[in-house]
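Thanks for coming, everyone. Please have a look at the screen.

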Amino acid sequence: MIQAAKFWDGIAVKYAKSKIRDPEGYHFTLERTRSYLGRDDKVLEIGAGTGSTALELAPVVGHITATDVSPEMTRIGKAKADEQGVNNVEFRVADAKLGGVTGRYDAILAHNVLHLVEDLPGVLDRVHELMVPGGVFISKTFCKPARGGPWFYYAMRLALPLMQLVGKAPYVAIMRIEELEALLTAHGFKIVESGNFPAKELRRYIVARR
């Protein structure tokens, strides 16, 4: 299977230029996330990509450390921050286990990334370690539909192994919502909000407190 950093480096420029596929869901996520953040909060984002979410949230927090496994995604994010004059977002290259990241954080974000990590229990342990007591872990994760589900989900599941074989898709592990919530609870988090917004959305928005 293609190395994660190499895969995301290869699509970084195209990714940065692409439009948001679900503006309604994205803006809902931003607004709900803002409601959990404080003006002086120290925030960490896992899988920040080219920094769009970090830059949107920057005005309402003290500081954001935006991490991504892809050096090219990180480079583009830095350039966007410079262009926009945002000086409280720091971009760092790091995988989801956050090797080399230090300090304690009031909030840790993981939007559209947990289904792409190979050792989710290890990632959750690391998140717990880096978070202050009472801090929030906010994630949005692609999950299996409870029943039925749109046709494109099943088409994607059929095509995914071949795409991974030829280097056109990264590692993906899709869990049921119940599995993801149980894993969060088992690793020391208390879920305070969980839902699909809008209801047809396959990505689960979860806020869990340490």
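One angle to start with: N112 is found in the loop between β4 and α5, residues 120-130. Keep in mind that this is a predicted model. N112 has a positive phi of about 60°, although it is not a glycine. Buried or exposed, or in between, is N112? Its relative accessibility is 33%, so N112 counts as partly exposed.

Now L98. This residue lies in the loop between β3 and β4, and β4 is residues 105-111. L98 is not a glycine, yet its phi is positive, near 60°. Relative accessibility here is 0%, so L98 counts as buried. The cut-off for buried is under 20%.

On to helix α4, residues 71-84. How far apart should its ends be? There are 14 residues, and at 1.5 Å a residue they should span 20 Å. The end C-alpha atoms are 20 Å apart, which agrees.

Which residues of α4 are buried? They are M73, T74, I76, G77, K80 and A81. These cover an arc of only 160° around the axis, so they sit on the same side of α4. The general rule: an α-helix has 3.6 residues a turn, so residues three or four places apart point the same way.

What covers that buried set? The cover includes α1 (4-17), α3 (52-57), β2 (63-68) and β3 (89-93). The face of α4 turned away from the buried side carries D82 and E83, both exposed.

Last stop: just after α4, G85 takes a positive phi of about 70°.

Key: Residues are numbered from 1 along each chain as its sequence is written. This is a predicted model: local features need pLDDT of at least 70, side-chain atom pairs count only at pLDDT 80 or more; totals for chains, interfaces and linings use all residues. Side-chain values use heavy atoms; hydrogens and water are left out. Helices (H or I, at least four residues) and strands (E, at least two) are DSSP runs, numbered from the N terminus. The expected span of a helix is 1.5 Å times one less than its number of residues. Buried means under 20% relative accessible area, exposed over 50%, partly exposed in between (1.4 Å probe, protein chains only). The arc is that of the directions from the helix axis to the C-beta atoms. Contact means heavy atoms within 4.5 Å.
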